[in-house]
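Thanks for coming, everyone. Please put the sequence and the structure up side by side.

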Number of protein chains: 2
Amino acid sequence: MSITNVVRRKRVARENYHHGDLEAALIDAAVDLVRQTGPDHLSLRAVAEQVGVSPSAVYHYFPDKDSLISGVGDKLFIDLAHMQREALAQIPGVSARAAKLRYRELGRTYFRWANKEPNLFRLMFGGFCKIEKQGDHQGNDAFLMLTQCLDDLLNTGVISKAMRKYGELLSWTAVQGASTLIVEGHLPEEVFEDLLDGLELAMRAGSK
Amino acid sequence: MSITNVVRRKRVARENYHHGDLEAALIDAAVDLVRQTGPDHLSLRAVAEQVGVSPSAVYHYFPDKDSLISGVGDKLFIDLAHMQREALAQIPGVSARAAKLRYRELGRTYFRWANKEPNLFRLMFGGFCKIEKQGDHQGNDAFLMLTQCLDDLLNTGVISKAMRKYGELLSWTAVQGASTLIVEGHLPEEVFEDLLDGLELAMRAGSK
DNA sequence: TCGGTATCTGAATAGTGTTCAGATTATGGG
DNA sequence: CCCATAATCTGAACACTATTCAGATACCGA
């Protein structure tokens, strides 16, 4: 369906007929509106209007409004992973110092994403998007990056062998929780750096 | 008009009249409906109908639907703190063992609450309720309980002085994040006990 | 008992998600 | 090249929603 759309894209759009890929245009518009209004308060009709299409046209690409929102979530997870990958790429090196910086920057990128766009963060983790594979944290791009960072920390002697086992779990949950609690106003923004300090210290616990 | 007519009207009206506890009745009904439908998909009219009152009656107690939802959130936070207090009360004693059990049970209660009622958890931390005092984690009931637990752990030598400083921050964020990630299907339910193990080990890091 | 006030109703308005018959456009087969 | 067919989108309709407001009702104090 979307493949034929891409192929057809070389033919230029007619006035009333929508060029190539309406599905992506709808998601982009939805991202824009969710950022302003929040995942609740999103209007399917407003999305259609922003793209310049009738409300019923949406139903050729998404069975209902919730599926459209879920599609937005899929895109956002990809965007976040992409942003994290770029952040890591800017800190090369195999030293302990570089490994530490990468680890912290991975968490910061996650948090900055949440803090800059609270409504998009709420869409991702507020039960709006259906996760297909339950508990598929392995194979996840962001999870693999975290694993790599933790391995580097272990190999450079920054963290203990005993804590390495809990590395992904503790880091991911703490950063996720801090993002939520700060975004929702339960904790002040400044504590995030403290949390990174605490995590780094915590990961040295136990026998080497 | 006849006497019987007047009497009947009075009787019917009295049954429909709520006498000031309508506010609480509305919130209770809203809790019930949110549990089933989620914080989005809540219908103000359905809440009113469940209580047996007209939709416009709601507006005498809440300026709009969002405020009603926010009121639900306030109640849920109180309920959660109450549940945690009860959980702690069932584990008395000043030993290291008791302190550990209390610490873990505090986290478990938080997680069980989230896992048993995902939609209520989403309402609490999904941007649906307006937090009045930004970053007012001190003075919070649940926070005080956590502080007490951590002090007990320190005094019984279970955790290090160096990590005590990060105790509330690391514990709260990790448990919060784990609850979210498990509820939303990014992590399997079983890892929560692993997280408690990891937290307990982590809190021993650094100098005593 | 009366008057005022808090409480609730009924109707109306504007906006929502969703469905569906049909109009429009592009594509593939002859 | 043309035409049938499929894909794409529109317009109108339906049931439902939040919200407002004038007015009816029940309660309470004097």
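First, some ground rules. This is a predicted model, where local features need pLDDT of at least 70, side-chain atom pairs count only at pLDDT 80 or more, and totals for chains, interfaces and linings use all residues. Residues are numbered from 1 along each chain as its sequence is written, chains are lettered from A and ligands numbered from 1 in the order in which they are written, and side-chain values use heavy atoms, with hydrogens and water left out.

Start with chain A. From the N terminus on, the elements read α-α-α-α-α-α-α-α-α-α. Of the 208 residues in chain A, 51% are buried. Buried means under 20% relative accessible area, exposed means over 50%, and partly exposed is in between, with a 1.4 Å probe and protein chains only. Now contacts, meaning heavy atoms within 4.5 Å. Take those in chain A between residues at least 6 apart in sequence: 68% join residues at least 24 apart.

Next, the interface. On chain B, 45 residues are in contact with 45 residues of chain A. The buried area between the two chains is about 3,600 Å², and carbon and sulfur atoms give 76% of it. That area is the accessible area (1.4 Å probe) that two parts lose on being put together, summed over both. How many salt bridges are there between chain B and chain A? The count is zero. A salt bridge here is a side-chain nitrogen of Lys or Arg within 4 Å of a carboxyl oxygen of Asp or Glu. Four residue pairs between the chains are in polar contact, both residues at pLDDT 80 or more. A polar contact is a pair of N or O atoms within 3.5 Å; within protein, one must be able to donate a hydrogen and the other to accept it, and residues adjacent in sequence count only if both atoms are side-chain atoms.

Which helices of chain B supply that side? At least two residues each come from α4 (65-89), α6 (118-125), α8 (161-164), α9 (167-183) and α10 (191-202). Helix α9(B) gives the most, with 10 residues. The side of chain B that touches chain A divides into 22 nonpolar, 14 polar and nine charged residues.

Zoom in on B:T180, in helix α9 of chain B. B:T180 counts as buried because its relative accessible area is 5%. Leaving aside neighbours within four places in sequence, B:T180 is in contact with A:F125, A:Q176 and B:F121.

Now the core. The largest nonpolar core has 132 residues, and A:L170 and B:L170 have the most contacts inside it. Such a core is a set of buried Ala, Val, Leu, Ile, Met, Phe, Trp, Tyr and Cys residues joined through side-chain atoms within 4.5 Å. Not counting residues up to four places away in sequence, B:L170 touches residues including A:A174, A:L195, B:M163 and B:L199.

On to salt bridges. One joins the side chains of A:R102 and A:D152, at 3.1 Å, N to O. A:R102 is in helix α5 (residues 96-116) and A:D152 in helix α7 (residues 141-155), 50 residues apart. Buried or exposed? Both A:R102 and A:D152 are buried.

In chain B, B:E200 pairs with B:K100, the closest N and O atoms being 3.6 Å apart. B:E200 sits in helix α10 and B:K100 in helix α5, 100 residues apart. B:E200 counts as buried because its relative accessibility is 13%, whereas B:K100 is partly exposed at 31%.

Last, the loop. A:H41 lies between α2 (22-37) and α3 (44-51) of chain A. Its phi is near 70°, a positive value in a residue other than glycine. A:H41 is partly exposed, at 47% relative accessible area.

Conventions:
Helix = DSSP H or I, 4+ residues; strand = E, 2+ residues; numbered from the N terminus. Nonpolar A, V, L, I, M, F, W, Y, C, P; charged D, E, K, R; others polar.
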